[in-house]
Amino acid sequence: MSQLNDPDYVREQYATEGNLETRRSVWQPTADGLEPNTEALRAIDRALVGDADVLEVGCGTGVMAERIAALPGVTLVATDFSPRFVELTAARGVDARQADICYLPFDDASFDVVYAGWMLYHVRDLERALNEVRRVLRPGGTFVAVTNGNDHTADLRIAAGGKPDITQFSSETGESVLGRKFGDVRRHDLETRAVFPDHASAQAYLDSSGEGLVLPHFDGSREYAGHVTIFEAR
Ligand SMILES: C[S@@+](CC[C@H](N)C(=O)[O-])C[C@H]1O[C@@H](n2cnc3c(N)ncnc32)[C@H](O)[C@@H]1O
């Protein structure tokens, strides 16, 4: 299993925004123009019925929070356990609070939709996290969760002497993991691609994860395949 749910690694990785922004910057939409955040926003929008309370967990720098908050009728609370990310999200005019998904500071049945983008693979106690999501969701509410597949950047990692990143919440496992807590789980898979204009940018991407992977030099630009799944559970 990957180091991605080691609490010390996660805390250090997200103390500041540099690593996350380096990784985000290389991703391009699918061949038919679909972009994962936009598709996740559509999934959230589909789940809204009239005025709605929405919770985002693991909001990072607040890019999605700002978009969710702009949906008509939405009252959003965005949370992350990184103080820096809460600060950055609040600076976008969003109600942002520091919270660990395993200890959500909200009453039972407080939200119509909960959104978790690329964060469930970081959580030490996934069972507890999902129980918390269930607890704060109203009956009939929707959980939208985004994650990567085992083959996401696998070719890049292998070229640099590493292995595919096998996580606890992936395209492969997400359906069964969510199926333990939710009666209806749907999925939308997207084949994305990371575009690197040169070797230095590909190495910077690897360096942002701090695993010590070293990519042999290449000339020109390269693309590596990604795989993202958006789950909708209710
Ligand atoms: C890969 S980033 C994704 C950020 C954002 N959702 C996005 O799509 O850009 C993972 C985020 O989850 C947060 N995180 C990790 N474990 C968490 C936990 N147990 N509770 C709350 N946030 C957590 C990290 O601080 C980080 O902001």
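Strand β2 (residues 52–57) and strand β5 run parallel and are joined by 4 bridges; two strands are taken to pair if DSSP finds at least two bridges between them. Strands (E, at least two residues) and helices (H or I, at least four) are DSSP runs, numbered from the N terminus. The model is predicted, so that local features need pLDDT of at least 70 and side-chain atom pairs count only at pLDDT 80 or more, while totals for chains, interfaces and linings use all residues. Residues are numbered from 1 along each chain as its sequence is written, and side-chain values use heavy atoms, with hydrogens and water left out.

Within β6, F143 is the bridge partner of V114, and A145 is the bridge partner of A116. From β5 the chain passes through helix α6 (residues 126–136) to β6 in a right-handed β-α-β crossover; right-handed here means that, with the strands pointing away from the viewer, the path from the first strand over the helix to the second runs clockwise. Of the 7 residues of β5 (residues 111–117), 6 are buried, where buried denotes a relative accessible area under 20%, exposed over 50% and partly exposed in between (1.4 Å probe, protein chains only).

These pairings belong to an open sheet of 8 strands with mixed pairing, in the order β1-β7-β8-β6-β5-β2-β3-β4. Its edge strands, β1 and β4 (96–98), each pair on one side only.

The ligand is surrounded by 19 residues, and the closest are R24, G58, D80, I101 and G117; a residue is counted if one of its heavy atoms lies within 4 Å of the ligand. This shell comprises 11 nonpolar, 5 polar and 3 charged residues. In this division Ala, Val, Leu, Ile, Met, Phe, Trp, Tyr, Cys and Pro count as nonpolar, Asp, Glu, Lys and Arg as charged, and the others, Gly among them, as polar. An oxygen atom of the ligand lies 2.5 Å from a polar side-chain atom of D80. A ligand nitrogen atom is 3.0 Å from an N or O atom in the side chain of D100, and a ligand nitrogen atom is 2.9 Å from a polar backbone atom of G117. On its own the ligand has 600 Å² of accessible area, of which the protein covers 96%; accessible areas come from the Shrake-Rupley method with a 1.4 Å probe, and for residues only the protein chains shown count as cover.

Three further residues were examined individually. Q13 is located in helix α1 (residues 7–13) and is buried, at a relative accessible area of 5%. The side chains of Q13 and R23 are joined by a polar contact of 2.9 Å, that is, a pair of N or O atoms within 3.5 Å; within protein, one must be able to donate a hydrogen and the other to accept it, and residues adjacent in sequence count only if both atoms are side-chain atoms. T30 is in the loop between β1 (27–28) and α3 (36–47) and counts as buried at 7% relative accessibility. A polar contact of 2.6 Å joins its side chain to that of D32. F182, in the loop between α8 (174–179) and β7 (185–196), is buried with a relative accessible area of 3%. The C-alpha atoms of F182 and A233 are separated by 6.0 Å, although the two residues are 51 residues apart along the chain.
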